Amino acid sequence: MQSRNEKSNLVSRGMGGSPMKRRYSGPDTAGASVPQEVVNAPHHRRARGAHSAIVAFATIATLLAFATVVHAAPEAVSPGTGLHMDPAKVVGSAKCAECHKAEDNAWQHTHHFATFAALPKEKRAKEIADAMGLEGGIRRNNTCLNCHFTVQNKEGAATPIAGVSCESCHGAAKDWVALHNDYGQGKTRETEAADHKKKRHDDADAAGMVRKDRINLIAANCYSCHTVPNQELVNKGGHKAGSDFELVSWSQGEVRHDYLLNQSKNAEETPQRKRVLYVVGQATDLEYALRGAQKITEKGAYRDAMLARVRNATVKLDEVLKKVKIAEYDEVLAGVPRADTGQLKLSKDILASLPDKLAAASQAFAAKSDGAALEGVDALIPKDMKGTAQP
Ligand code: HEC
Ligand code: HEC
Ligand code: HEC
Ligand code: HEC
């Protein structure tokens with residue numbers, strides 16, 4: 001992993017070095033809405049009577065026979081939250097480090113930090129870029145920038161400044177950075193009034209901050225990158241087709257940076273919180289597997305991986321819901337047609353509607369659950385963390 005010095009070199013090269021300056025034409029795909037033809041298709045078909053049954057109950061296998069060309073759904077985006085990393089709104093991790101030094105140090109020991117310097121030198125990266133016919137280097141390609149880098153507007157030019165950084169997970173900060181820590185005139189964390197605190201949180205949320213409480217949005221961010229929802233990248237580029245990702249084990253290893261109350265101790269999450277992370281993680285896995293599946297238009301590694309992801313995530317979520325009763329998810333899944341094997345019978349209708357329903361359920365569940373009643377899932381939570389947390 002890089003030392004601090006290497007980092008500042010890289011960052012300053014990224015910021016000042018004209019070779020890296022480039023025009024940014026936005027993320028590969030913009031907007032969070034479901035593609036119109038996906039939304040409409042079932043209605044047209046429904047009007048034709050007999051076809052409705054075929055479409056509504058098409059299995060995963062037959063789905064593709066029907067698939068028309070579907071416009072790409074959003075990538076690296078959490079729906080409805082404006083979590084696109086708008087380069088004009090990125091302030092950069094150096095700003096965060098002014099107050100969050102320990103968190104910054106922990107981040108510098110992660111793959112998320114290292115990818116900035118490492119990726120452009122990796123043989124695999126070049127092979128992927130070549131296979132896709134991308135020109136001009138890894139850090140100049142929107143496709144790679146979207147998930148591996150943080151891009152900031154510098155003197156009008158969009159410039160990669162870091163790997164996956166604070167704002168990739170907590171939201172681009174220009175509009176919230178001055179709000180989120182403002183306890184009010186003459187107040188401290190201890191003396192801030194409760195209504196002021198609530199307003200502070202609400203204002204930060206409205207300005208696009210992904211706070212710790214909003215586990216569903218944090219999870220959405222992780223999965224929007226870690227499912228690798230880019231068919232061309234996987235089929236043509238040969239990129240890994242998504243991570244074997246689970247939210248507790250992947251967030252509580254090298255990624256953990258809980259120093260808010262004590263800058264010299266990286267606190268462990270409570271068992272209760274881990275349960276909520278686990279449950280929301282499983283539901284978000286299914287949500288993003290389905291969002292990824294919406295984009296399937298051809299046979300290949302991408303289709304195989306996304307459909308396998310839908311199957312596995314369904315099994316896992318069912319397992320959770322056998323152990324603990326969660327009305328929000330039970331309600332959403334109750335209306336979904338299943339095969340004898342228990343697998344979802346995917347149709348365009350289900351693909352188009354289920355992800356947003358799962359997102360809404362996760363939001364409602366995350367907002368109210370403290371994990372106390374979820375002991376039932378303890379046995380399902382992995383014991384091995386991904387990488388080692390800083391002390
Ligand atoms: C001027 C100091 C300062 C700067 C700069 C700053 N923070 Fe904070 N941050 C704080 C303080 C103080 C708190 C604790 C707020 C509280 O008590 O609720 C905090 C809390 C947080 C939290 C936890 C809040 C929650 O409710 O989950 C996150 C996440 C966070 N900051 C991220 C960032 C990021 C990312 C940046 C850079 C874009 C940043 N901060 C910049 C001072 C700062
Ligand atoms: C949709 C998000 C996304 C995009 C776009 C993306 N990557 Fe990745 N990439 C990831 C994730 C997530 C991992 C980590 C996978 C893991 O460890 O499970 C990764 C890992 C890698 C790795 C190491 C693993 C391997 O396959 O050998 C390479 C190399 C890589 N990416 C290259 C690229 C290149 C080059 C581009 C641009 C052409 C790119 N990536 C675009 C998400 C993305
Ligand atoms: C890979 C995504 C990711 C990145 C990158 C990231 N964070 Fe976080 N951050 C999280 C998650 C997830 C949590 C909640 C952790 C939990 O519940 O265990 C969190 C929590 C926090 C908290 C609250 C700590 C607490 O538990 O009270 C602060 C403050 C914070 N992050 C600041 C930062 C800063 C500053 C950076 C950059 C130096 C950063 N984060 C980078 C995902 C990330
Ligand atoms: C903006 C896209 C993005 C987001 C958001 C994101 N990641 Fe990642 N993550 C990546 C990429 C890309 C890599 C691979 C970096 C590399 O090694 O080149 C990675 C690697 C990792 C690794 C290291 C994997 C290994 O091989 O050991 C962990 C752990 C991880 N991510 C956890 C998380 C968690 C937890 C979250 C959410 C809290 C998250 N990530 C959010 C893009 C992202």
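# A tour of the ligand shells and the hairpin

The shell around ligand 4 divides into 11 nonpolar, 10 polar and two charged residues. In this classification, Ala, Val, Leu, Ile, Met, Phe, Trp, Tyr, Cys and Pro count as nonpolar, Asp, Glu, Lys and Arg as charged, and the others, Gly among them, as polar.

The structure is a predicted model, in which local features need pLDDT of at least 70, side-chain atom pairs count only at pLDDT 80 or more, and totals for chains, interfaces and linings use all residues. Residues are numbered from 1 along each chain as its sequence is written, while chains are lettered from A and ligands numbered from 1 in the order in which they are written.

**First stop: ligand 4.** Select ligand 4 and the 23 residues that surround it; a residue belongs to such a shell if its C-beta atom, placed from the backbone, lies within 6 Å of the molecule. The closest are H111, T115, C222, C225 and S251. Two or more residues come from each of α7 (111-118), α9, α10, α12 and α14. Helices (H or I, at least four residues) and strands (E, at least two) are DSSP runs, numbered from the N terminus. Which helix supplies the largest share of this shell? It is α12, with five residues. Domain 1 (1-35 + 70-173) and domain 3 (215-391) each contribute at least three residues to the shell around ligand 4; the domain bounds come from an automatic or database domain assignment.

**Second stop: ligand 2.** Next, select ligand 2, which is surrounded by 27 residues, the closest being R124, A125, C144, C147 and S243. Here α8 (123-131), α9 (142-148) and α12 (215-226) each supply at least two residues, and α9 has the largest share, five residues. By class, the shell around ligand 2 holds 14 nonpolar, nine polar and four charged residues.

N146 is buried, because 22 other C-beta atoms lie within 10 Å; the term requires 20 or more, whereas 12 or fewer means exposed, and values in between mean partly exposed, with C-beta atoms placed from the backbone. S168 is 22 residues from N146 in sequence, and their C-alpha atoms are 9.8 Å apart.

Now select D244, in the loop between α13 (231-235) and α14 (247-251). Is D244 buried or exposed? D244 counts as exposed, because it has 10 C-beta neighbours inside 10 Å.

Ligand 1 is surrounded by 18 residues, the closest being C96, C99, A173, R211 and K212. The elements giving two or more residues are α5 (93-97) and α10 (166-170); α10 gives the most, three. This shell comprises seven nonpolar, four polar and seven charged residues. At least three residues come from each of domain 1 and domain 2 (177-208).

**Last stop: the hairpin.** Select residues 150-154, strand β1, which runs antiparallel to β2 and is joined to it by five bridges; two strands pair if DSSP finds at least two bridges between them. Q152 has T159 in β2 as its bridge partner. Two residues separate the strands of this hairpin, and E155 in the turn has a positive phi of about 45°. Strand β2 (residues 157-162) is largely enclosed by the rest of the structure, because five of its six residues are buried.
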